[in-house]
Amino acid sequence: MKLRSKAAALLLLALAVLLLALLSLRTRRDPEPPGFPALPEAAPQRRHAPVPTRPPEPHAFPGVAGRRSPRRRPPRPRPRAGRPRAASREKLARRPGEARNLHSVPPELWIHLAVVACGNRLEETLVMLKSAVLFSHRKMRFHIFTEDALKPEFDKQLRQWPDSYTKKFEHRIYPITFSVGNPQEWKKLFKPCAAQRLFLPAILKDVDSLLYVDTDVLFLRPVDDIWKLLRQFNSTQLAAMAPEHEIPKIGWYSRFARHPFYGSTGVNSGVMLMNLTRIRSTQFKNSLIPTGLAWEDMLLPLYQKYKNAITWGDQDLLNIIFYFNPECLYVFPCQWNYRPDHCMYGSNCKEAEREGVSVLHGNRGVYHDDKQPTFRALYEAIRDFPFQDNLFQSMYYPLQLKFLETVHTLCGRIPQVFLKQIEKTMKRAYEKHVIIHMGPNSMS
């Protein structure tokens, strides 16, 4: 027993000596190679090291004692003296060479957007205008034609928007007026007051070009982009619209129209670009007299001839006008006037599949019922978006979640078609804000 206890004691003593040896090895550091001093384990890296006063010696290595490192980061570009480092929001909204002051912008640089709102269209119109200012860069002038009862509310609501958005636009409110014929008859043609658009060339005499949209339109990309299509007009074209349908055999005009219409499917007037100067100066061919007629002189006799044959009011009259004057119309793709017809029977707008929806047109009241939940989700997302919030967190991400609830519909099965342009727009806005506004230094 004594021998066993002695052996156990010797074993414990040997283990203790071994443990002490290991501890001493951990506390000691291996010597560094000559000229390489030991560095602290958690030495923080300096982001803005001062620029060396003399160039480093050739063949120097980083960290060598007594030598300067040639591999330091080059000094970051700094703003010039006297200029602020971060651009203002107003500067971001301007294009190169565009004036700073809203009121000093030359008239030819304004985007002119017109809408006609009567009855219960106040909210829809405000949401449409909100989508325009959320995504656009250029200065805009809103031309709002409405009933007397709605004028104060339009003015009040628009003035309550944040300064960062109200400085991007100016608005003018006009009464509903028809220069020829019976005003009450014009006012009741199809939707309330919709025929007002036919008289815009005569009313807005100081405006050269104009984008007209229905109240149920939403911009999913900058208005600047559709405005650029004016540059693609040839010498005879003076207006632009999208086809009413992509497939003639299932289009409304090709099956049911009792009057002449443009092309094989007709055109939809919910989104319409107009060169008002050309419209005012053109003599239009017609079925009334052998010679041409000015735009305003043509409207009343054209209506009187076809009023018992038209279904869609002013849109039908526009189709009749451009049937006799096809050289005057520029037809833009369906992505600029995307309606439920483009997806409710299966996707048939190839441009939207490739590029995404640019302008959404929720006709037939789909923003306010459950027939097309994808359209309603987009409308509510823009309506409920707080102006000062982050677009991705407060609009794009909730919209993706809402789209998950719409996959039981044919339109809901192609969410990428609706989201593609919004995603591109947010990406451009982020790059401008972070890279231009905040500067490249703030990204590192």
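Axes are lines fitted to C-alpha atoms, for helices over the stretch in contact, and angles run from 0 to 180 degrees between N-to-C directions. Helices (H or I, at least four residues) and strands (E, at least two) are DSSP runs, numbered from the N terminus.

The structure is a predicted model, in which local features need pLDDT of at least 70 and side-chain atom pairs count only at pLDDT 80 or more, while totals for chains, interfaces and linings use all residues. Residues are numbered from 1 along each chain as its sequence is written, and side-chain values use heavy atoms, with hydrogens and water left out.

**Confidence**

The protein has a mean pLDDT (the predictor's confidence in each residue, from 0 to 100) of 82, and 73% of its residues reach 70 or more. Residues 29-70 have pLDDT below 50, and this stretch has 25 contacts (heavy atoms within 4.5 Å) beyond near neighbours in sequence. Residues 79-100 stay under 50 as well, with 35 contacts beyond four places in sequence. Where pLDDT is low, the predicted coordinates should not be read in detail.

**Helix packing**

| Helix pair | Angle | Axis separation |
|---|---|---|
| Helix 3 and helix 14 | about 75° | 9 Å |
| Helix 3 and helix 4 | about 35° | 11 Å |
| Helix 11 and helix 12 | about 110° | 11 Å |

Glu123, Glu124, Val127, Lys130, Ser131 and Leu134 of helix 3 meet Tyr379, Ile382, Arg383 and Asp384 of helix 14. This contact comprises four nonpolar residues, one polar and five charged (Ala, Val, Leu, Ile, Met, Phe, Trp, Tyr, Cys and Pro count as nonpolar, Asp, Glu, Lys and Arg as charged, and the others, Gly among them, as polar).

Helix 3 also packs on helix 4, residues 151-159, in a right-handed crossing. A crossing is left-handed if the near helix is turned anticlockwise from the far one by less than a right angle, and right-handed if clockwise. Leu122, Thr125, Leu126 and Leu129 of helix 3 touch Glu153, Phe154, Gln157 and Leu158 of helix 4, a set with five nonpolar, two polar and one charged.

Helix 11 (residues 295-306) and helix 12 (residues 314-324) are likewise roughly perpendicular, and their crossing is right-handed. Trp295, Met298, Leu299, Leu302, Tyr303 and Tyr306 of helix 11 contact Leu317, Leu318, Ile320, Ile321 and Phe324 of helix 12. Here 11 residues are nonpolar, with no polar and no charged ones.

**Disulfides**

With a disulfide taken as a pair of cysteine sulfur atoms within 2.5 Å, the count is three. One of them joins Cys118 and Cys193, whose sulfur atoms are 2.0 Å apart. The torsion about its S-S bond is about -100°, so this disulfide is left-handed. Cys118 lies in the loop between strand 1 (111-117) and helix 3, and Cys193 in the loop between helix 6 (183-187) and helix 7 (200-203), so the pair ties together parts 75 residues apart in sequence.

Conventions
Angles under 35 degrees count as roughly parallel, over 145 as roughly antiparallel, 65 to 115 as roughly perpendicular and the rest as oblique.
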